[in-house]
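Subject: Structure handover

Hello,

Here is the structure I said I would pass on. Please look it over first; my notes follow below it.

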Amino acid sequence: MTRLWPRGDQKIPGLRAGIIETAPAVFRKHGINTPLLIAHVMAQISHECGAGHDVVENLNYTAGRMMQVWPSRFPTLASGAPYAGNPRALANKVYNGRMGNALGSDDGYHFRGRGASQTTGREGYRRLARATGLDVVNHPDLVNDPRYFMECGVADFINCGCLPYAKSDDLLGVTRRLNGGTVGLDQRKQWLAKWKAAMVAVPVPRGPAVILPSPRPIDVPPVAPKPATGWLAAILNIIFKRR
């Protein structure tokens, strides 16, 4: 990961070690059991969170940038001016009233994009809570905890219906399911090529899915990540070039 995610620990200390520790069980739980599937998951995650560097959505926009991203909402510079440099107000403006966010609330900002897959919206966090057992609705920053980062990212990948498209090596289909559009498709293609090349290093034996124990998201003291073991650890150690 020092090669593919060189700044992966700058925003969340220990993130890369947390990924290496938890990835084997998370992948097995969700049936991510071939080099192709791992490559698709990691490519999407790498793009969505900026290889671990953009783990919380940046909404500190200028009015001009708002016109580019949301042209129907901000047709003029004047319409975007009240929200320029104000991430909270902007998030509530563009996200409330959809994705399960209530109008006139702070939901848009509270449930802005976070984590490996940039989970967004109250409903997105609710789905993630149901899939993982983590109380991410009341504690949304759990998605960025190194202990749960991969579980949340992969669960979101599955929740969005990406797996059948990944099995068919359909990057466009995966992207549309996860992103809701094709934003960053060229960059996602580049990431997929990088991860496919990395996965050539070691074959991945297939194994049955396993059930992870229910997490304890609240009142669990931070723990230092331990080195991963087993077949996936060997792959990750080679890919990430751990020192």
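**Helix 11**

Helix 11 has these buried residues: L185, R188, W191, L192, W195, A198 and M199. Viewed down the helix axis, these buried residues fall within an arc of 135 degrees, so they line one face of helix 11. The helix covers residues 185-199, which is 15 residues. From its first C-alpha to its last it reaches 21 Å, close to the 21 Å expected at 1.5 Å a residue.

**Confidence**

Please keep in mind that this is a predicted model. The mean pLDDT of the protein chain is 87, and 82% of its residues reach 70 or more. Two stretches need separate mention. Over residues 209-214 pLDDT stays under 50, and the model has nine contacts beyond four places in sequence for them. Over residues 216-228 pLDDT also stays under 50, and here the model has 24 contacts beyond four places in sequence.

**Aromatic rings**

With ring centres required to lie within 6.5 Å, the count comes to four aromatic pairs. One of them is Y61 with W70: the ring centres are 5.6 Å apart and the planes are at 35 degrees, so this pair is tilted. Both Y61 and W70 are buried. W70 also pairs with F74, with centres 6.3 Å apart and planes at 65 degrees, so that pair is edge-to-face. F74 is buried, as is W70. Y61, W70, F74 and Y83 form one aromatic cluster.

**Charges over rings**

What sits over the ring of Y61? It is the charged end of R65, 5.9 Å from the ring centre. Elsewhere, the charged end of R112 sits over the ring of Y109, at 3.9 Å from its centre.

**G80**

G80 is found in helix 4, which covers residues 77-80. Is G80 buried or exposed? G80 has a relative accessible area of 0% and is buried, the cut-off for buried being under 20%. Setting aside neighbours within four places in sequence, G80 is in contact with A63, M66 and F74. Of these, F74 also belongs to the aromatic cluster with Y61, W70 and Y83. Y61 is 19 residues from G80 in sequence, and the two are 9.2 Å apart in space, C-alpha to C-alpha.

Regards

Note on methods
Residues numbered from 1 in each chain as written. Predicted model: local features only at pLDDT ≥ 70, side-chain atom pairs only at ≥ 80, totals over all residues. Heavy atoms only, no water. Phe/Tyr/Trp six-rings, centres within 6.5 Å; stacked < 30°, edge-to-face > 60°. Buried < 20%, exposed > 50% of the residue type's maximum accessible area, 1.4 Å probe, protein only. Lys NZ or Arg CZ within 6 Å of the ring centre and 35° of its normal. pLDDT = per-residue confidence, 0-100. Contact = heavy atoms within 4.5 Å. Helix = DSSP H or I, 4+ residues; strand = E, 2+ residues; numbered from the N terminus. Expected span 1.5 Å × (residues − 1). Arc of directions from axis to C-beta.
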